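I opened this notebook to keep track of what I looked up. The entries follow the order in which I checked things.

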Amino acid sequence: MTGAALTPGLTPATEAPRAFALPIQVVEANGITAWLVEDHAVPVVSLAWSWRGGAALDPQGEEGAAAMAAALLTEGAGPLRADAFADALRDEAISLSFGADRDNFEGGFRALADALPEAVRLARLAMTAPRLDEDAVERVRARAVASARRALETPRGQAGRGFWARAYPEHPAGRPSSGTAESLTALPAAAIRGAIGRQMRREGLLVCAAGAIGPEALRALIGEVFAGLPEGAPPAPAALPGFRGFGQQVIPVASPQSAVVFGQEGLPAEDPDWEATQVMLRILAGGGFASRLMHAVREQRGLAYGIGAGLDVMFRRGVIVGSVATENARVAETLSVTRDEWRRMAEQGPTDAEREDAVAYLTGSLPLQFADSRRVADSLLTLRQNGRPVDWLAGRAARLRALSTADLTRAAGRVLRADGLSVVVAGQPVGL
Amino acid sequence: MPRVTRRTAIASAAALPAALSLTPGSGLAAPAVQPAPEDRAKLAGDRPLFGAVTWTLPNGLRVVFAESRRVPVVGHYLFYAAGSGEDPGGRSGAAHFFEHMMFKGSRNVPPGQLSLVVAREGGQDNAFTSRDVTAYHQTVEASRLPLVMRMEADRFAGPLIPPDTVEPERQVVLEERRQRTDSNPRARFWEAFEAALWGPQHWRGRPIIGWEEEIRAITRQDLLDFYAQRYAPANAILVVTGDAREAEVRRLAEELYGGVPSRAVTPRDRGAPAPQPAEARLIRHDPAVREASFLRAAMAPSLTFGDRQQAWALEALSHLLGGGQGSRMHKALVETGLATSANASYDGEAVGATAFTLSATPRPGVEPARLEAAVDAVVDRLLQDGPTEAELARAQRQITAGALLALDGIGAAPRMLGSALASGLPLETVEFWPRHLRAVTLPQVAAAARAVLGGAPATTGWLLPEGAPVPERRT
């Protein structure tokens, strides 16, 4: 399909790309294991770290406690009130921030090498001596409530909320990780302190670094940033139950266009078919213009600006989730085309040419994903959150090339459920 | 979120705000290595940030090259000095629609193949249309540069615009409009607000994606005309960055782009704004809205229009007035409990007139009129007493502190270089921007504040939940 259709002048390059290598050093300090990609080309250092937990540790009724805690860590710490803390960061262009997603609590900064001592001081203060001044709590609360309310102003926001609530009705994964307007309004300051106490621990910590720093300096840095944390590890979050299929649901929203979120159960990160599933899903739904869904929905029928689906990973499990938005009158057709493509892939798998194209992209694009220090540190952290060994990336291209079309077809047959696709439509769809 | 300048956005997220993409698309004990002297010089604005070189081909195409060997990757960007500001009258959305059609094949590349070939080679490709520029770009492993240059040059010289692809693609564009604007109450309001300030048919007041009826009215001939008038070598900037050598880029540019025939260019016509806003006050109630929003925008000079010297001063002003914590608006509106957020924004890197914008969200229970009066008070005090030396120094420090971060990644250099040059600004504006910002003086900031906030045509807008009382106009 590609290549052959081109004139000789446009034949794809035959020269092999230079081999991609991302040397990862493993650095031990203070009982913490860090992964490091050292690169002195630009005087910038990025550090990323996380613990399991995040919103999954918020008690019932205290949804948003971890997210509020994350926001408040940089709103004043130690001797610095919120405005002084913000100035200290911005005077040196340090981008220190924390966040609580569904299953992790993350922290990270990027700083120029010159500003590294200040970044370290502020990161340590934020984690060990957050002030939680009352005025800061109320400011952050007002901001969080406003943003929770705004998130529901669009069909897309409504559809996303509805999808997760139905798929995981009895687990924190089904709740909005940053809380609801109601839970945030009622959240006592003690709940925020509770979230910090549960999460800010010396154990269970994953640390990754990238940029202009060597292993010795990183060892010292880790000591300074994390040594002041209390002993122990955060509690384990409740295990993720299976995806609860719910068929097709409509949330009425006055809008000329419906937002659709669709998905189904996926597979655990350690499943032997994980990478086969990644490649198969790229062919079906994840490859921009290269995917079957994009071709069928946008290119052939002009039904939508874009459509895509892929593995949304949490609790070391990939859930298959996709989205599309289309005029109310064309929702039924869009869903029908999507289900047909889903079924065709489940029953027949991909072609050899599709597999070759997808593998060529996934192996060839590796260098593009590691071009800035923040992405390097964040990507390493994701690998570790999913329990990957340190040589996982180095072996990825060879593993992908070793996959056969039969491997992808088997994975498609195992994983995809055209009739079990759960769908939320927010809008005023016609004929559903 | 404050609307940030292109430079800030690019350095932090490698994204260009206010532009539409083709596809949706996201006390150290042992001192670390200290920046080399040349890095300090870049930070200070004494040395060029990217060290780009530039030359012009005989057909008029300007080429910019900035080498970086950090990763074996190159960025290849072709910018055209034409954006939605060049849409013909009654045909808003033409520049953006045409951008979509550039993916429908060219003489030697079948429809849709460019993206597939790039993907097969492990690369990424996309395009975007802003008010000032349209850009097509690929990021690929370094050895694939000739391939993407060949394909881009091919569609530069002769896009097919197949007649049978125009209608399906119009449907895609209309869905894009519904997704971005029509199904988002804040986007709907923003669009109406810009039209209220500049006028719905002024080049600055029309949406980049176009008014729905005008997207429906665009013909294939309109698209061909747009190409004929704007897509000429002398109206384009080719930017190559990353792991390549200058001699090789010179050779490839000449070989692959040198054959695109030279053509006459229709110059931009960025008419001056009207002396009055189309509507001075815009109140919208929207049933989908749950949180009220306040906007005020004043017409302002840019680096290419009006008193150009004021552009850098206005950037400093926006930081000290509403650039987050520590700014006057944050202290007077957020810290006092009147607002959940309050910001000022200004982007001087624009072709023609631009806007200086204030925005705020009242806290629940705070009457919109009370918040608006508090905004007025902040502005009045600033105009009366002027900013302080300490405020300006802090703004200059904080805006420039992260300049070097643009080197940490592969997207910032080509976007900053290409958009500035295609907007008619000299290379020096990008390479030495911290120096310009640091040279701003206190009297310049005070004068720029008076000129823009103290009398320039402006529109005030409120987006309100259904049924909320209309804030009284200030007397």
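Into which domains is chain B divided? I found domain 1 (57-257) and domain 2 (281-465), with bounds from an automatic or database domain assignment.

I noted that this is a predicted model, in which local features need pLDDT of at least 70, side-chain atom pairs count only at pLDDT 80 or more, and totals for chains, interfaces and linings use all residues. Residues are numbered from 1 along each chain as its sequence is written, and chains are lettered from A and ligands numbered from 1 in the order in which they are written.

I looked up the two domains of chain B next. Their centres, taken over C-alpha atoms, are 29 Å apart. I read that 27 residues of domain 1 touch 26 residues of domain 2 (contact: C-beta atoms, placed from the backbone, within 7 Å). On the domain 1 side, α7(B) gives the largest share, 7 residues (helices are DSSP runs of H or I, at least four residues, numbered from the N terminus).

I then turned to helix α11 of chain A, residues 331-348. Its 18 residues should span 26 Å at 1.5 Å a residue, and the end C-alpha atoms are 26 Å apart, which agrees (expected span: 1.5 Å times one less than the number of residues).

Which residues of α11(A) are buried? Among them I listed A:Val331, A:Leu335 and A:Trp342 (buried: 20 or more other C-beta atoms within 10 Å of its own; exposed: 12 or fewer; C-beta atoms placed from the backbone). On the other side, A:Ser336, A:Glu347 and A:Gln348 are exposed.

I ended at A:Gly349, which follows α11(A) and has a positive phi, near 70°.

Terms used. Contact = placed C-beta atoms within 7 Å. Helix = DSSP H or I, 4+ residues; strand = E, 2+ residues; numbered from the N terminus.
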